[in-house]
Amino acid sequence: MPPRFYVDQPLGPSSGEPSELSLPPSAARHVQVLRLQPGSPLTLFDGSGAEWQAEVLAMGRSEVRVHLQARQLVQRELRQHITLALAMPANDRMDGVVEKATELGGSAVQPLMSERSVLRLSGERAEKKQAHWRGVAIAAAEQCGRTRIPEIGAVQSLASWLASLGPQPATQRRWLLSPTAAQPLQALAAAQAEASHTLVLSGPEGGLSPAEEDAARAQGFVAVQLGPRILRADTAPLAVLGWLALQIG
């Protein structure tokens, strides 16, 4: 299978007419690292839901030119929009969350800071982390075959994010992961099977505070539990996403 590369620009008309393209610096460096040569096949995608078969035309010191060939519409996305909103875990475990959420088909990841969060980011540091996580998502999409890149939200506080949600659409279900909840995930999912968008909110190690859980419920979140074991902050949202991915395909 040819290597896949994300190109952060529109790749061409839907007619699929052949054309030439100079790869942007990030993709060009990737091609050079792999030591591809003129004539080598590769697959390109721009996040629009399609991918292009292509061939390396010329390799320069900093420029890689390719020949775009057939454009193919590809359907590898889940049939439901799933957003993971989570209090960021510490020790770079957020990288793993973004990577696995991309592989499992998540549509968006929203990094949050809550009362008990250890990792706190703001300003330029928060912007750099957001850009870094987008890079992690791009690399995961290249590897797993996705043609769309999950949206990585800007870091913000749980309170400000909840306030920004607005009224709950009829087609959206909002779940709050809580080990003290009485309702199991499977029962709630069956009762809300017609939803087209699932918004999953998960807390940090130690969970959300009672006041934060109340604030989430006021925005339409329903508390659910995932079983008798206590899952880590980076495990719980991925467990839900993996389960949903298997259910909805």
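In strand 7, L112 is the bridge partner of A87. Strands here are DSSP runs (E) of at least two residues and helices are runs (H or I) of at least four, numbered from the N terminus. The model is predicted, so local features need pLDDT of at least 70 and side-chain atom pairs count only at pLDDT 80 or more, while totals for chains, interfaces and linings use all residues. Residues are numbered from 1 along each chain as its sequence is written, and side-chain values use heavy atoms, with hydrogens and water left out.

**Strands 6 and 7**
- Strand 6 and strand 7 run parallel and are joined by 5 bridges; two strands pair if DSSP finds at least two bridges between them.

**Nonpolar cores**
- The largest nonpolar core has 38 residues, and M88, M94, V98, W133 and W175 have the most contacts inside it. Such a core is a set of buried Ala, Val, Leu, Ile, Met, Phe, Trp, Tyr and Cys residues joined through side-chain atoms within 4.5 Å.
- Elements that each supply at least two residues of this core include strand 6 (81-87), helix 2 (93-104), strand 7 (108-113) and helix 3 (123-144).
- Helix 7 gives the largest share of this core, 7 residues.
- Apart from this core lies another, of 18 residues, among them L11, L21, L36 and W52.
- Leaving aside residues up to four places away in sequence, V98 touches V109, W133, V136, A137 and I152; contact means heavy atoms within 4.5 Å.

**Positive phi**
- Most residues other than glycine have a negative phi.
- R35, which is not a glycine, has a positive phi of about 60 degrees. R35 is found in the loop between helix 1 (25-33) and strand 3 (41-45), and counts as exposed because its relative accessibility is 69%.
- N91 also has a positive phi, near 60 degrees. N91 lies in the loop between strand 6 and helix 2, and counts as exposed at 67% relative accessibility.

How values were computed
Buried means under 20% relative accessible area, exposed over 50%, partly exposed in between (1.4 Å probe, protein chains only).
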